[in-house]
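Let's take a friendly walk through a protein fold, one piece at a time. Have a look at the picture below before reading on.

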Amino acid sequence: MKNHTKKYRHHYVIGDLQGCHAAFNQLLEVIQFDASCDKLWLAGDIVARGEDSLATLRQAKQLSDMGALTTVLGNHDITLIATWRGILPVKPKDKTEAIFTAKDCDELLNWLRNQPLLVFPDNKTVLTHAGIPPNWSISEAAKYAKELQNQLSGSLKQLDRLLPNLYSKKSDEWSDKLNGYKRMRAIANYLTRMRLCSESGLLEFSFKQTLDDDMPPDFRPWFEWFVVRERRILFGHWAALRAEIDTKFVRALDGGCVWGGNLVAYRLADGAIFQV
């Protein structure tokens, strides 16, 4: 049982694991992680392209059950849930096949679908997988994230109706009047897929390159639309940034480990960065 009043020695926010099990454990050694007194916060995408998604997912759940880890959902995590439910085919390049034949598959995926999409690691930060768009306040983002979390963690019948409607190659223009599956899809896209957006929050899905590359007209990285925030936004998802974006209002944490970069941990108390 989790102890929600527990005092932790250190809090670390870690970028996208992507199934990089060896790097994850090397990083835990570097930070001298102690599950009895430290807390990990994961930026989502626990699984996918790395060498052992099954072991990574099992370890995340085990640490979560101990009260030593909280994760937000990333786009690859939602894809894993959709594949488990038969909504999407298994992608060989995702290297997640072993999860679906594991004896504890249902236990792991039921745990995963109950995880949040936005959390507050401390009183100065907010963590989501992809970020928060300029057209949402942090409190609005928290409300919308909870709406989607409630849908993902509902009955399996409800989940199976939802999942096919979360995928679209076209961005939905956000309005708080959006309803039904279109609303859920827009929330999922902002919190788990966003990189570029327009000033009004319209998303662009094809761009995955660095900030030095040419971007489509009228679109820029979501964090470059200046918005004063009461909390610093911690995010992963964008591997090409190599966890180098570090401003008063945002901190990128996906170091692109699975692509030959680094797995990054950010210590909340003092902003120290650790990487392997």
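Which residues are buried in helix 8? Keep in mind as you look that this is a predicted model. The buried residues of helix 8 are Arg183, Met184, Arg185, Ala186, Ile187, Ala188, Asn189, Tyr190, Leu191 and Thr192. That makes 10 of the 13 residues in this helix, which is mostly covered. What covers them? The buried residues of helix 8 pack against helix 3, strand 5, helix 6 (138-152), helix 7 (156-162) and strand 7 (203-204).

The buried ones are Ser53, Leu54, Ala55, Thr56, Leu57, Gln59, Ala60, Lys61, Leu63 and Ser64. Their packing partners are helix 1 (21-30), strand 2 (38-42), strand 3 (69-71), helix 3 (75-84), helix 4 (97-101) and helix 5 (105-112). Just past the end of helix 2, Gly67 has a positive phi of about 85°.

| Helix | Residues | Length | End-to-end C-alpha distance | Expected span |
|---|---|---|---|---|
| Helix 8 | 180-192 | 13 residues | 18 Å | 18 Å |

Next, find the open sheet whose four strands come in the order 4-5-9-10, with mixed pairing. Strand 4 and strand 10 (250-252) stand at the edges with a single partner strand each, so one side of each has no neighbour in the sheet.

Strand 4 (residues 118-119) runs antiparallel to strand 5, and two bridges join them. Leu118 has Thr128 as its bridge partner, while Val119 is partnered by Leu127. Between strand 4 and strand 5, a hairpin makes the link through five residues.

Strand 5 also pairs with strand 9 (residues 232-235), this time in the parallel sense and over three bridges. There, Val126 stands opposite Ile233.

Which way do the residues of strand 5 (residues 125-128) point? Thr125 and Leu127 point one way, Val126 and Thr128 point the other way, and all are buried.

**Stepping back to the whole protein**

The protein has eight helices and 12 strands. Its C-alpha trace spans about 45 × 45 × 35 Å along the principal axes. For 276 residues, a compact globule would have a radius of gyration near 19 Å, and the 17 Å found for this protein agrees.

Of the 276 residues, 57% count as buried. If you take the contacts between residues at least 6 apart in sequence, 66% of them join residues at least 24 apart. The accessible surface comes to about 12,400 Å², and 49% of it belongs to carbon and sulfur atoms.

Finally, an unreviewed UniProt entry carries the annotation "domain: Calcineurin-like phosphoesterase" for residues 13-174. Over residues 13-174 the chain is 42% helix and 10% strand, with its end C-alpha atoms 29 Å apart.

Notes: Residues numbered from 1 in each chain as written. Predicted model: local features only at pLDDT ≥ 70, side-chain atom pairs only at ≥ 80, totals over all residues. Heavy atoms only, no water. UniProt positions renumbered as here; feature names shortened; annotations may be inferred. Buried < 20%, exposed > 50% of the residue type's maximum accessible area, 1.4 Å probe, protein only. Contact = heavy atoms within 4.5 Å. Rg over C-alpha atoms; globule rule 2.2 N^0.38 Å. Areas by Shrake-Rupley, 256 points an atom, 1.4 Å probe, with all protein chains shown as cover. Pairing = 2+ DSSP bridges. Expected span 1.5 Å × (residues − 1).
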